[in-house]
Amino acid sequence: MRIFGYTEEQRDEEPASPRELAEITFVATPEEARKIAAFLLHAADEMDRMGPHYSHIHLSDKQPGFDDSPHVTMFNTANV
């Protein structure tokens, strides 16, 4: 597994280019942590179901309440 991300400043760069991260930290409530876990399980199920046709999915598109949160996206390793 590899993890990529942007700082707020990097998101404004043209073109924006994510950097590989060594660590991520979720600062969340127990309810948010459960929603993130459900999202990750859903993404894994979709990867299995769709195989190489699975590209990516966004947490904010699948779990209400994350619209104003940092973006969490699950990509298929075949597309990175």
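Tyr54 is buried, at a relative accessible area of 3% (buried means under 20%, with a 1.4 Å probe and protein chains only). The model is predicted, with local features needing pLDDT of at least 70 and side-chain atom pairs pLDDT 80 or more, while totals for chains, interfaces and linings use all residues. Residues are numbered from 1 along each chain as its sequence is written, and side-chain values use heavy atoms, without hydrogens and water.

Tyr54 belongs to the loop between H2 and strand S3 (56-58); helices (H or I, at least four residues) and strands (E, at least two) are DSSP runs numbered from the N terminus. Its C-alpha atom is separated by 23 Å from that of Asp67, 13 residues apart along the chain.

## Nonpolar core

The largest nonpolar core has 7 residues: Ile36, Phe39, Ala43, Tyr54, Ile57, Leu59 and Phe66. Such a core joins buried Ala, Val, Leu, Ile, Met, Phe, Trp, Tyr and Cys residues through side-chain atoms within 4.5 Å. Helix H2 (residues 30-50) contributes the most, 3 residues.

Leaving aside residues up to four places away in sequence, Ala43 touches Tyr54, Ile57 and Met74 (heavy atoms within 4.5 Å).

## Largest pocket

The largest pocket has a volume of about 1,400 Å³, the space filled by probe spheres set on grid points joined across faces, edges and corners. A pocket is an open set of points on a 1 Å grid over the protein atoms alone, where a 1.4 Å probe fits, with protein on both sides within 12 Å along at least five of seven lines; lining residues have an atom within 4 Å of a point.

H2 supplies the largest share of this lining, 5 residues.

Key. Buried means under 20% relative accessible area, exposed over 50%, partly exposed in between (1.4 Å probe, protein chains only).
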